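Have the sequence and the model open side by side.

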There are 2 protein chains.
Amino acid sequence: MTCPLPVTEFERIVLGHGAGGKLTAALLERCFYPAFANPSLDARNDQALVALPASAGGRLALTTDSFVVTPIFFPGGDIGSLAVHGTVNDLAMGGARPLYLAAAFILEEGFARSDLDRVVQSMAKAVRAAGVAIVTGDTKVVNRGHGDQVYITTTGVGWVPEGVRLSAELARPGDQILLSGTVGDHGMAILSQREGLAFEEAIASDSAALHTLAADLLAATPAGAVRCLRDPTRGGLATSLNEIAQGSRVAMRLRQAAVPVRPAVASACELLGIDPLYVANEGKLVAIVAPEHAEAALEALRAHPLGANACRIGAVAAPDAAARAGMVLLETDIGGTRLLDTLFHEQLPRIC
Amino acid sequence: MTCPLPVTEFERIVLGHGAGGKLTAALLERCFYPAFANPSLDARNDQALVALPASAGGRLALTTDSFVVTPIFFPGGDIGSLAVHGTVNDLAMGGARPLYLAAAFILEEGFARSDLDRVVQSMAKAVRAAGVAIVTGDTKVVNRGHGDQVYITTTGVGWVPEGVRLSAELARPGDQILLSGTVGDHGMAILSQREGLAFEEAIASDSAALHTLAADLLAATPAGAVRCLRDPTRGGLATSLNEIAQGSRVAMRLRQAAVPVRPAVASACELLGIDPLYVANEGKLVAIVAPEHAEAALEALRAHPLGANACRIGAVAAPDAAARAGMVLLETDIGGTRLLDTLFHEQLPRIC
């Protein structure tokens, strides 16, 4: 469908770009439609109509996340690629095949057109790489000072085949805890950028789409062997494990020495007094796997480019007097044991 | 599933409520989970798994909208009910039965707990009334001054039965243009509240869920008789009709005298120099209907409480020298004819 509206040049976002008139049409024609083009979006209705896989008995997976990360550009990614990866990953952690995305933009008056284009192109690239499509969207503009350049809310729709069941309630004593790679990269990349810190070795976000890694893991193990998958974002690995331990009413024992941390990330954390186990990741998954299938699971993870550094980091335990249900205990490098609790407040606000 | 996390009292939102730790858990346990409770949400994973109607051949409808309306409370509604109604309506205008919603909140540091509760309760009430469920969500907190109390992005999933096809490309010459009631109520309610204007007769938003009105209309007419439905929000009735005229490459002729406007809205518009045809509505629909079924369609609209003031306001015409494809012409009250173009910029920013 061609659009006879005159297309208007602009350098900066103004309130009128969110008002539904010719300026809004210009923004859509210039920035969003060309970057995200696909048949559902091209129909330009207020809702997208999409088909689903024909497999009877499957279920729809739905997830939503607002992204408010600051700064919007950082080593290893930007708010656009992050918004795609984060939503694809939330679907993948539920065992879903990601299919469609919706993207809603809250733009701040005065936001530079060149920065918006960069974000949109990055999203478009991430969407193509992940094999999904942005089929519908929305754009609002808020007054200068009432936003922070751009906030993006991405909602994902996926399809979970019959027989796949992954949930934080399914961990059992004896299960092995696998981690797909190093922790702390995303959070420390953001913090370094935000605070203007420079380290000898550059720290880059690990932002990546994990759906093929998750699919490979599920394909390599029988149904039910993988109990639960999580991408440890806000609150880091420690928070994800606490949520699973509480959901399944089990204890967990983690070996600090087994959790890989890049030297530059470890140095930055030490300098700033931050525990990398609580720092956000955007391209890692933690898997709770039945013990007899843990080796096959680990091999499947390591065979994928995003899981090359995968490792066993601990095990699920039956609750006892020392480790009650819902507790995650860390066996530290110096031989002690400490409780890895959920943090009360933030170490790093606006990390995603 | 019960949650053993300690629940923390709070009066105002702090950055930690968005950091994924205990404060985030407290916010979810205190505000969101009790208000929106349903089995999918209660599973508390990062994605909701939901079932779809078993009818083969149907299609999924997906829509998303960010709501940044200011003020957040206004006569006739608030940002919470508006976020539900707006998304339900976008689904309904595509002929979809609304099923599931996702809700993502961007809260400003310092936002009052009491106001958040009021918004959340209003959303919960709107969701129950519309027969849908909020099955997944997200909460982020931005620094004071980088938001405006609360922004809400709602994404809706609906199901379109086979045979239903409504689109802006389907209007044909001779089709009748029906409107479900008065125009301008929502926009003028917001503007009056924002500017502290008082009129003799109070102006209230028309914010309402239109899915049963749309369903009644479709049930009263044979498949294909209703070509297109739109809820004229941002940009008002004039913008919606322009989009349909352009999408279908037809002209439209509208009779100004036939478009109902409440006296208080008309007075306020005259005072402020605003054309009510461009003012946002949040509880009205415009329907393009085949001429032989227009009377039945009108009866169906009028039989519904939200369509009591429904009327014919004009007709679709074949393009000619006076009215080219994509043009909407208004026959004015004083006997003239003027082009009802799309506005270049906003009359009223942040109306939804």
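A residue counts as buried under 20% relative accessible area, as exposed over 50%, and as partly exposed in between, using a 1.4 Å probe and protein chains only. This is a predicted model, in which local features need pLDDT of at least 70, side-chain atom pairs count only at pLDDT 80 or more, and totals for chains, interfaces and linings use all residues. Residues are numbered from 1 along each chain as written, chains are lettered from A and ligands numbered from 1 in the order written, and side-chain values use heavy atoms, without hydrogens or water.

**A covered strand**

Helices (H or I, at least four residues) and strands (E, at least two) are DSSP runs, numbered from the N terminus. Take strand 7 of chain B, residues 150–160: 11 of its 11 residues are buried. Both of its faces are covered. One side holds V150(B), I152(B), T154(B), G156(B), G158(B) and V160(B). The other holds Y151(B), T153(B), T155(B), V157(B) and W159(B).

Which strands pair with strand 7 of chain B? Two strands pair if DSSP finds at least two bridges between them. Strand 2 of chain B (residues 59–67) pairs with strand 7 over 9 bridges, in the antiparallel sense. Strand 5 of chain B also runs antiparallel to strand 7, joined by 10 bridges. I152(B) is the bridge partner of F67(B). I152(B) is also the bridge partner of F105(B).

**Aromatic pairs**

Rings of Phe, Tyr and Trp (its six-membered ring) pair if their centres lie within 6.5 Å; planes under 30 degrees apart are stacked, over 60 edge-to-face, and the rest tilted. Over all chains, the structure holds 4 aromatic pairs.

| Pair | Centre to centre | Angle between planes | Class |
|---|---|---|---|
| F32(B) and F36(B) | 6.2 Å | 35° | tilted |
| F32(B) and F105(B) | 4.6 Å | 45° | tilted |

F32(B) and F36(B) are 4 residues apart in helix 1 of chain B (residues 22–36), so about one helical turn separates them. F32(B) is buried, at 5% relative accessible area. F36(B) is buried too, at 7%.

The pair of F32(B) and F105(B) links distant parts of the chain. F105(B) is buried, as is F32(B).

In chain A, F32(A), F36(A) and F105(A) form one aromatic cluster.
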